[in-house]
Amino acid sequence: MDEVLPFLIISEAYHHARVDQVLCEQHPEHSRSLIRKWLDQGQVWLNDETVTKAGQKLKAGDVLRWQPPAIQKSDKIMPEAIPLDIRFEDEHVLVVNKPVGMVVHPAPGHYQGTLVNGLLYHCSFLSGIGGVERPGIVHRLDRETSGLLAVAKTDQAHQNLSAQLQSRTMKRHYDAIAEQNFSQSEGTIEAPIARHPVKRQQMAIVEGGRFARTHWHVKHAFHGYTWLGLELDTGRTHQIRVHLKSIHHPLVGDAVYGSKRKHPFKVDRPMLHASRLQFLHPLTQEPLSFEVPVPADFQRILDLLAQK
């Protein structure tokens with residue numbers, strides 16, 4: 001077996017978990033149906049034996065290996081000379097501060113102007129583990145969320161950073177403005193997230209969904225609004241937005257998960273910013289930490305609230 005393949009030693013937390021469930025955790029950028037194709041094509045091994053059943057149960061101590069798809073060229077995804085706010089770069093990884101309104105990776109209707117388009121122009125190579133549409137992308141931010149993202153330039157770096165996400169040694173901190181005031185100064189939201197059973201374009205708290213945990217603390221309380229700091233233990237789609245909605249403190253400006261409250265200021269996006277990112281360098285294991293201030297539209301609302 002080729003030792004450069006990504007692998008995972010199954011912990012007690014994954015004892016009796018399904019193979020496809022674990023691979024979905026390792027590759028949130030891929031759909032479950034795509035991961036099942038890997039199984040059909042013999043690209044997954046358990047203790048050096050080929051696995052073909054998505055529902056095969058794992059045991060603590062098992063070694064799971066898999067072969068992610070190699071990147072393929074696509075005529076739809078072209079390099080573009082898009083200005084990028086790069087905060088760190090070497091031959092293995094880069095960290096970029098994504099602006100509000102930029103889509104991270106191409107998708108139907110967005111094959112131009114994405115972060116990936118800009119990265120393909122800036123870099124001579126990116127990790128192929130993310131597949132055709134998402135080269136180098138280890139984790140994502142929503143289009144209207146600003147802030148820090150780590151991007152892998154090599155497959156080895158991608159595998160290591162993905163493992164740090166899984167083990168929660170990569171720390172992602174966010175700033176947010178939520179509705180109403182909190183009765184406590186800090187707390188943790190732990191509730192499973194899955195696709196909404198009716199509104200299929202949304203996520204929701206669903207029994208039997210994927211485990212999700214968000215830590216929050218109050219940075220400043222205004223009249224009827226709160227500036228929050230948050231840290232993710234997991235990275236589910238729309239996790240912060242869904243979790244805050246579930247405790248009746250939705251993000252200000254969130255048209256999907258927010259309330260119908262009328263604000264005394266103009267807001268046209270969810271007030272969420274990825275302000276700090278910490279991880280170990282994928283090759284040297286040097287601790288790296290990056291921080292960026294909130295963008296102008298976020299700061300404008302903080303300033304207005306401070307005047308009330």
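**Figure 1. Charged side chains in the predicted model.** The chain carries 36 positive and 33 negative side chains. The centres of these two sets lie 8 Å apart. This is a predicted model. The accessible surface of the chain comes to about 15200 Å². Carbon and sulfur atoms account for 50% of that surface.

**Figure 2. The whole chain.** How many helices and strands does the chain have? There are 6 helices and 15 strands. The C-alpha atoms fill a box of roughly 65 × 45 × 40 Å, taken along the principal axes. The radius of gyration is 20 Å. A compact globule with 308 residues would have a value near 19 Å, so the chain agrees with that expectation.

**Figure 3. Burial and contacts in the chain.** Of the 308 residues, 49% are buried. Now take contacts between residues at least 6 apart in sequence. Among these, 66% join residues at least 24 apart.

**Figure 4. Strand 7, buried or exposed?** Strand 7 spans residues 146-152. This strand is mostly covered, with 7 of its 7 residues buried. The next two views show its pairing with strand 6 and with strand 14.

**Figure 5. Strand 7 beside strand 6.** Strand 6 covers residues 93-98. In which sense do strand 6 and strand 7 pair, parallel or antiparallel? They pair in the antiparallel sense, over 6 bridges. Look for valine 93 and its bridge partner in strand 7, alanine 152.

**Figure 6. Strand 7 beside strand 14.** Strand 14 covers residues 272-280. Here the pairing with strand 7 is parallel, over 2 bridges. Which residue of strand 14 stands opposite glycine 147? The residue is alanine 274.

**Figure 7. The loop that holds aspartate 48.** This loop runs between strand 2 (44-46) and strand 3 (49-50). Check the backbone angle phi at aspartate 48: the value is near 70°. That is positive, in a residue other than glycine. Most residues other than glycine have a negative phi.

**Figure 8. The loop that holds glutamine 180.** Where is glutamine 180 found? This residue sits in the loop between strand 8 (171-179) and strand 9 (186-190). Phi of glutamine 180 is near 70°, again a positive value in a residue other than glycine. Why does glutamine 180 count as partly exposed? Its relative accessibility is 37%. Partly exposed residues fall between the 20% limit for buried and the 50% limit for exposed, so glutamine 180 at 37% belongs with them.

How values were computed:
Residues numbered from 1 in each chain as written. Predicted model: local features only at pLDDT ≥ 70, side-chain atom pairs only at ≥ 80, totals over all residues. Heavy atoms only, no water. Helix = DSSP H or I, 4+ residues; strand = E, 2+ residues; numbered from the N terminus. Rg over C-alpha atoms; globule rule 2.2 N^0.38 Å. Buried < 20%, exposed > 50% of the residue type's maximum accessible area, 1.4 Å probe, protein only. Contact = heavy atoms within 4.5 Å. Areas by Shrake-Rupley, 256 points an atom, 1.4 Å probe, with all protein chains shown as cover. Lys, Arg positive; Asp, Glu negative; His and termini not counted. Charge placed at Lys NZ, Arg CZ, Asp CG, Glu CD. Pairing = 2+ DSSP bridges.
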